[in-house]
Amino acid sequence: MHAFMARAFPICRSITGDGVRQTLDLIGEHLPLTIHEVPTGTRVFDWEVPREWNIRDAWIADAEGNRVVDFADNNLHVMGYSVPVDATLSLEELEPHLYSLPDKPDAIPYVTSYYKERWGFCLTHASREKLAPGQYHVHIDSTLADGSLTYAECILPGESEEEVFLSTYVCHPSMANNELSGPAVTTWIGKWLQSAPRRYTYRIVFIPETIGSITYLSRNLDALKARVKLGFNLTCIGDEGGYSYVASRYGNTTADRVIHNVLSLKHPGHVRYSFLERGSDERQYGAPGVDLPLVSVCRSKFGKYPEYHTSLDNLDLVTPAGLAGGYEVIRDCLEAFEANHTYRVICLGEPQLGRRGLYPTVSTPGSGRSVRTLTNLVAYCDGDNDLIAISDLIGTPVRELVPLVEKLEAAELLRRVD
Amino acid sequence: MHAFMARAFPICRSITGDGVRQTLDLIGEHLPLTIHEVPTGTRVFDWEVPREWNIRDAWIADAEGNRVVDFADNNLHVMGYSVPVDATLSLEELEPHLYSLPDKPDAIPYVTSYYKERWGFCLTHASREKLAPGQYHVHIDSTLADGSLTYAECILPGESEEEVFLSTYVCHPSMANNELSGPAVTTWIGKWLQSAPRRYTYRIVFIPETIGSITYLSRNLDALKARVKLGFNLTCIGDEGGYSYVASRYGNTTADRVIHNVLSLKHPGHVRYSFLERGSDERQYGAPGVDLPLVSVCRSKFGKYPEYHTSLDNLDLVTPAGLAGGYEVIRDCLEAFEANHTYRVICLGEPQLGRRGLYPTVSTPGSGRSVRTLTNLVAYCDGDNDLIAISDLIGTPVRELVPLVEKLEAAELLRRVD
Amino acid sequence: MHAFMARAFPICRSITGDGVRQTLDLIGEHLPLTIHEVPTGTRVFDWEVPREWNIRDAWIADAEGNRVVDFADNNLHVMGYSVPVDATLSLEELEPHLYSLPDKPDAIPYVTSYYKERWGFCLTHASREKLAPGQYHVHIDSTLADGSLTYAECILPGESEEEVFLSTYVCHPSMANNELSGPAVTTWIGKWLQSAPRRYTYRIVFIPETIGSITYLSRNLDALKARVKLGFNLTCIGDEGGYSYVASRYGNTTADRVIHNVLSLKHPGHVRYSFLERGSDERQYGAPGVDLPLVSVCRSKFGKYPEYHTSLDNLDLVTPAGLAGGYEVIRDCLEAFEANHTYRVICLGEPQLGRRGLYPTVSTPGSGRSVRTLTNLVAYCDGDNDLIAISDLIGTPVRELVPLVEKLEAAELLRRVD
């Protein structure tokens, strides 16, 4: 995953344009994608697909012709959606077009202006303070023109038409946790899903954030509402910070149940952010009338780590171990949901586990602890609880319950009731 | 409010009698009151309206004729509902008729005997200890005779026949927080209510505590149960202590919701007393079968401050600032309830606030915080929550939500659904 | 109770055999018992009644003929259900048949092998370490043969056919808290129940644990499910440790309510164990499909005190005071349940308690506290709460509410509505 990110990192992505297409090409090496292009001006709910933005070059040169800021060094240097400019300005005239962070003097901030025509440069505050009074030549070779918004969809059919929905975004330039960790983990989850037949159909989308999810919803809302039983938005999922998630609007969907179950047992120190702290595409998926059962899953949540939306969110912050951890949490969630059924114990009273080789035959102080999980599972297999509910009740991960369920089914002690 | 209290303070009120009438006259200078007189002996639920008590003079004189206790100094000196007496007694014979507080030696206690014929004098423990053995002349010039119980009602009609009910009491002699703060704040709330058209009809009563609320209920129960949507009993609401309220019997009425909402956001250190700590007219309004949606609102609750029911509960304890704070809490509650409607966002997904001038057009780290309240409001305007519920969910007072709702309605983004 | 235990203590009980019968004979001196014998091989739910085990003698002698372990000293020395043996073995050959506790060197452990044929001896670790290498003569004079499982039932008819179910077990050899405290307290509760007419019919069973409750359920399930409104399993209820109970599967039965009410008010430091910590016959009574409203009540819960399942669980650990405390808790629970009715106050508003002699006639600061319980009772007698609910709400034990209810009924202020 980290190597994939290294290839995709230099691409200058935005909410539209060739950067998105190049990134989707890289993902397409791993997953069967359908690419969709939605023309500029298309009405999508309350919004409109904007003009497409592409950029080739941009710099600021001082009076001697030295490039003091250069897009070729880092694509964060240009404000996203900057309109073309080629002019010579005094430092004073230039200042309103410069963005830097006094409290993080070595970070280039990430700034965009999607919905109002502007141009601007972002730079470290340290560089900015070195700019001497004088004339500067600013040059942005960009295009803002009718085109299209690009996204990709990957459908992996399962036994059921019921769906699990995975969403991640491909619209930020060179940032690692708050961009590429999501597509990387999502792509590798997709590869794992393809490795075996699945109960659910998986719908995976790689989209630009906000306008992309709105566009996708506007074209697929009925299908999503009818079929999606569980959804995750994957973002900021590759650093080594603790795990977190942004709950749904009321925190009561299946997605909340599943992520809570997995994180509580595997990472009890995780953070649950309420919907009030939303900021990614859970904003759209959880909006009134959309109401998909979806949460956003993160390690260090967007907006909660100091490198967020700056050039410091790079391939050092995201690590192979960080990505592997994020991947495992999502895989555990999907495995739990795939295995989630409701069972009822067939006999009355406790079953005689001993004669079936499931219980120690000699009772000593302490014996029986090893079968405690098994008897707890049986006790709560009363037809009212699915495995996730039982896992919550007895504190054992679903992945440990599944082989026990198989033993008990083989012993004709359990019957599935859903 | 404080000046009003200063005028009303010297009046000797009780549960019946001319003191109540004089106090209602003062209130009537500010509000349109209907005065009701209910004859002695009238059956009111399980009770009976008692005889009317009036008092003109009372004193204890020592053998030299010095008045050692004198009603003219402080009307708390006479036990409420004392029957007439004119006799000479030894100190020993007098003792059973004296009431003082050894642990508060400078306070005259407030004592009454409404339902058994007695006479008595209340005095500071310091004075009591100075009484030398000897003969004392006791004199109480009071009348306990058939008459009536007096209360006042003020109806302020609104658009709807649904009502807000405000109750306060006028039955204690010279005490400030546990008596006149309630009528003062209620009167000024009434003046404010008259200053503009209101959604709800307001029913305001000034009554003697307990027997008065029972009397009022016995004559108005059906109307109250049919119309009252929100009720407050105002008592002990003028000192500078923290805010508190006495919850309804199960703590689940609209009144509990409204006061909880306002106090949680404005005075998070407030105290919620359960119905087990009731003591004022919430006892009657919340009794089984009456079940009005009402809470009692206080600053320092009756029985919880050291000056309570003594001469120390005076015009120093209650201050203009204390009264203003109580007034504001009640006004905030009524404003929130008047404004409380349920809305549904019209578009799917988040609305494009930017093109409506409701969102900053340049995204920088930190931008967007200022519109967070707006987007949170929209997110929970899903047709399930009224504004008070949204206020609870997102932590913003209703009074700050109202102008945002107006903006969103003007932008045709919200529709009222109730 | 302690004297009863002293008589029953030496008997070698097991899940079947004459030890059970002798114990039931002792109980039968106090309660009218019906003894049931269920033949070996009878199918009971998922189980089968095992062969009957009886033992007459057992010892290990060293080469000199000294009995180094002797059943005559303590019946815990023989593993329960040991098959007969008479052989001479080297110490090395003997070792796999010996059970001791290195961390409790002076305790003889309690070990059984009901469902696999084995023989074994249990001894203190101190004794075991003294065994010198050499030959040992082992002798167990036991019988494992077709016979029956024995249990006793005591039905005490009440006004109603609705039942309270009490269960305790008689299957452990010489142990006090985790065995005889249960039968002792249960027997004395039975004697108390016989002392007066009761509202409910009481069904009391003395059974072997696990196989006994399964057997009993398999023969009485329909009747139990139809009639039992409250059940307690009594175990480990005679030591001087704090009180505890094992909640039902979801902690929401009437039994949970009753024991929670009584212990919360009487022993607020008690421990509530969840069903995950079950271990006695609540396992069967609370199994899916059985679902009786039953909790297990203990002082120091099985498995939670160091003497558990060893020879240290003796008549010193269980004391007369400990037994009396356990008895009182159960009696309080049953009294509360017998008295548990729902009432509605007849008048509107608060009743005038004064004219009925239920309220002080002079109001002073502090007066009224003594009638607070009475007024709280009245306030929550709204037809929605039974006395246990009111007790929980107002924090007064049911036994203190009952005389107040009687006063209020006599004053025609309350009416029963169930």
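**A walk through the chains**

In this predicted model, the axes of helix 10 (residues 372–380) of chain A and helix 11 (residues 387–394) of chain A come within 10 Å and cross at roughly 125°. Here an axis is a line fitted to C-alpha atoms, for helices over the stretch in contact, and angles run from 0 to 180 degrees between N-to-C directions. Helices (H or I, at least four residues) and strands (E, at least two) are DSSP runs, numbered from the N terminus. The angle makes helix 10 of chain A oblique to helix 11 of chain A, because angles under 35 degrees count as roughly parallel, over 145 as roughly antiparallel, 65 to 115 as roughly perpendicular and the rest as oblique.

Which residues make this contact? Helix 10 of chain A brings Thr373(A), Asn376(A), Leu377(A) and Tyr380(A), while helix 11 of chain A brings Ile390(A), Leu393(A) and Ile394(A). Two residues are in contact if their C-beta atoms, placed from the backbone, lie within 7 Å. By class, this contact has 5 nonpolar, 2 polar and no charged residues. (Ala, Val, Leu, Ile, Met, Phe, Trp, Tyr, Cys and Pro count as nonpolar, Asp, Glu, Lys and Arg as charged, and the others, Gly among them, as polar.)

Now let's step back to the whole of chain A, which is divided into domain 1 (2–49 + 148–338), domain 2 (52–145) and domain 3 (342–416); such bounds come from an automatic or database domain assignment. Between the C-alpha centres of domain 1 and domain 2 of chain A lie 30 Å. Where these two domains of chain A meet, 16 residues of domain 1 touch 16 residues of domain 2.

Next come the neighbouring chains. Towards chain C, 20 residues of chain A are in contact with 24 residues of chain C. Strand 17 (342–345) and helix 10 of chain A each supply at least two residues of that side of chain A. Towards chain B, 24 residues of chain A are in contact with 20 residues of chain B, and helix 6 of chain A gives the most to this side of chain A, with 3 residues.

Residues are numbered from 1 along each chain as its sequence is written, and chains are lettered from A and ligands numbered from 1 in the order in which they are written. In this predicted model, local features need pLDDT of at least 70, side-chain atom pairs count only at pLDDT 80 or more, and totals for chains, interfaces and linings use all residues.
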